[in-house]
Amino acid sequence: MPELPDDVYLAIFNYLNLGDIPSIRTVNKKFLQLTQAGSLWRQLLRGCIIEEGLPIPGIRDVQLDRLQGQEIEGLVRRALELRANWTSPFPVAREAVNFKGSPSGRIIFLRFLKRPGRLWLLSLCVHGDPTARLYTLECWDLAGPTPTPPCIARKTFTQLVSIAENRGWTPEAGIGDVAIQGPSITVYSIRASPADPELGFLPVATFPERREYIHLFSGTKMLTTLANSEKVHTWDTRSPSACLELLRPRREQQQTTTLANFAATFDGRFITVVWPTTCNVYEVPTAQLKINPTSLVLEPIQEFVWPWRVDNVVMSQAPSQLFDCDGLWRPRTINILIRFGSGYPWPINLLHQFELLPNTRYRGDAISIERPYRFPPTSRQTIASPVRLFAQTDMAVGPYGTAVWIDSHTEDQFGPAEQAQRLASRVTRPTALDWGNEEQFDDIDEQEEISNEIASTLDASLVLWNEGDSWLKLAIDEEEGKIALGRLDGTITLLSFT
């Protein structure tokens, strides 16, 4: 066979599956060298990983155009290994570390934080007697050289009403890393100080006039509930005296807005809220408000009514790199995980996972008549998740579609028991959208019927089990393949699956 130019061989190799690469490399030294080319592996990374909506461990803060072929190949292989482990019936934690902060107390808040060059875990525990409660907020450095993460920031305080991490932090817009209401709202930035963690939380802004429950902190935006009136406001930390009220649907106005059955996301232009009975999208003015618009109320531009009342809900947004955009701003897919309530004092034993898909006909400009999202939300899966009366439970959903939860189904491990917990997961691959195909709605499968029938618990992957009822909170970093569990005694268990 005549010798072909290298670029022709590389063009041919682009049509191969990843599994064919090892065989091609055994042909000769030339093919071995060509299959290590950065251009080939960039194409494989895009086609086999990014366009498939798979998380890529280690890609945070990495500039792909500066990586060599072998480095990109490593990213691809780690992504595939994580996916295989993550989706198996029994995911195996490559590393499990237990650690505890200085005080012993219940973990009541647990979140991963991603910052340029940083991977942190925030934990909040409550300790002391009921008449003199103390709260300790700690930040743990997960990118350190030792398996046990060091505490790089610590703050103890006596008053706490609500807390929220900054989900939309950017170097340009992020005012801080975490907001605490107790009773007024203060925003703190994290300045890593391993030598003296007490100096790690730096107050950067205080809003004494705002005595509201924090539901969402994203970039410079806050979503808060006004005490005693159940009014929900969105406001900018750069002009805190100006706020907009989110009009609650009529059926919602008599409901109590609590953290358990109220969740929201903010994506630059739109706030999406899951209320106890509806899902609503609000369009927020892009101009920064300078005065207090006392009469300005935002009405929902889209609405869906849930078939049952929401008992608990968590939400996350898909990463922006899943979509090829043409320079216009576009909303991102929203993952929603819901446990609906029942007529009894305990929740129904099912979880429902939905995707709120962007409308590909929406162009993001002022003249667009299309709505940003495709309603109703698409039902992706119904999951059996039994919970005993008064048992501890928590759940989380990752940006790539992984649902993780704590429930009481432990019969397969211990048989019927009065106490014991299961950490389980289910993975769905996000729906990839082609922004250039306006007719693809016809190709998207019809959503599954929202079911209240008992599903099989065997459909879930068993991650871990606990003979007691000590697990309280969990958090997920789907991109790096990590799960954190917070316990009654203040212990944190960090599971790494890469």
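Tutor: Let us begin with burial: a residue is called buried when its relative accessible area is under 20%, exposed when it is over 50%, and partly exposed in between, using a 1.4 Å probe and protein chains only. By that rule, 53% of the 498 residues of the protein count as buried.

Student: Okay, and how should I read the numbers in this model?
Tutor: This is a predicted model, in which local features need pLDDT of at least 70 and side-chain atom pairs count only at pLDDT 80 or more, while totals for chains, interfaces and linings use all residues. Residues are numbered from 1 along each chain as its sequence is written, and side-chain values use heavy atoms, with hydrogens and water left out.

Student: How many helices and strands are there?
Tutor: The protein has 6 helices and 29 strands, where helices (H or I, at least four residues) and strands (E, at least two) are DSSP runs numbered from the N terminus.

Student: What share of the contacts join residues at least 24 apart?
Tutor: Counting contacts (heavy atoms within 4.5 Å) between residues at least 6 apart in sequence, 60% join residues at least 24 apart.

Student: Let's pick a helix. What can you tell me about α5?
Tutor: Helix α5 covers residues 69–86, which is 18 residues, and spans 26 Å from its first C-alpha to its last, close to the expected 26 Å; the expected span is 1.5 Å times one less than the number of residues.

Student: Which of its residues are buried, and what covers them?
Tutor: The buried residues of α5 include Ile72, Leu75, Val76, Ala79 and Trp86. Their cover includes the helices α2 (21–25) and α4 (38–50), and also strands such as β24 (402–407) and β27 (471–477).

Student: Which elements give residues to the largest nonpolar core?
Tutor: A nonpolar core here is a set of buried Ala, Val, Leu, Ile, Met, Phe, Trp, Tyr and Cys residues joined through side-chain atoms within 4.5 Å. The largest one has 23 residues, and those touching the most other members are Phe13, Leu40, Trp41, Leu45, Ile49 and Ile56. The elements giving two or more residues to this core are α1 (6–13), α2, α3 (29–34), α4 and α5, and α4 gives the most, with 6 residues.

Student: What does tryptophan 41 touch?
Tutor: Leaving aside neighbours within four places in sequence, tryptophan 41 is in contact with residues including Leu18, Ile21, Gly69, Ile72 and Val76.

Student: New topic: how many aromatic pairs are there?
Tutor: A search of the whole structure finds 10 aromatic pairs. Rings of Phe, Tyr and Trp (its six-membered ring) pair if their centres lie within 6.5 Å, and planes under 30 degrees apart count as stacked, over 60 as edge-to-face and the rest as tilted. One of the pairs is tyrosine 135 with phenylalanine 157, which is stacked, at 6.0 Å centre to centre and 15 degrees between the planes. Tyrosine 135 lies in strand β4 (residues 134–141) and phenylalanine 157 in strand β5 (residues 151–157), so this pair ties together parts 22 residues apart in sequence.

Student: What about the backbone, where are the cis peptide bonds?
Tutor: Most residues other than glycine have a negative phi, and most peptide bonds are trans. Here a cis bond joins glycine 182 and proline 183, with omega about -5 degrees, and proline 183 is in the loop between β7 (178–181) and β8 (185–190). The bond from phenylalanine 375 to proline 376 is also cis, with omega near 0 degrees, and proline 376 lies in strand β22 (residues 373–384).

Student: And which non-glycine residues have a positive phi?
Tutor: Phenylalanine 390 has a positive phi of about 70 degrees and is exposed, at 74% relative accessibility. Alanine 420 has a positive phi of about 155 degrees and is buried, with a relative accessible area of 0%.
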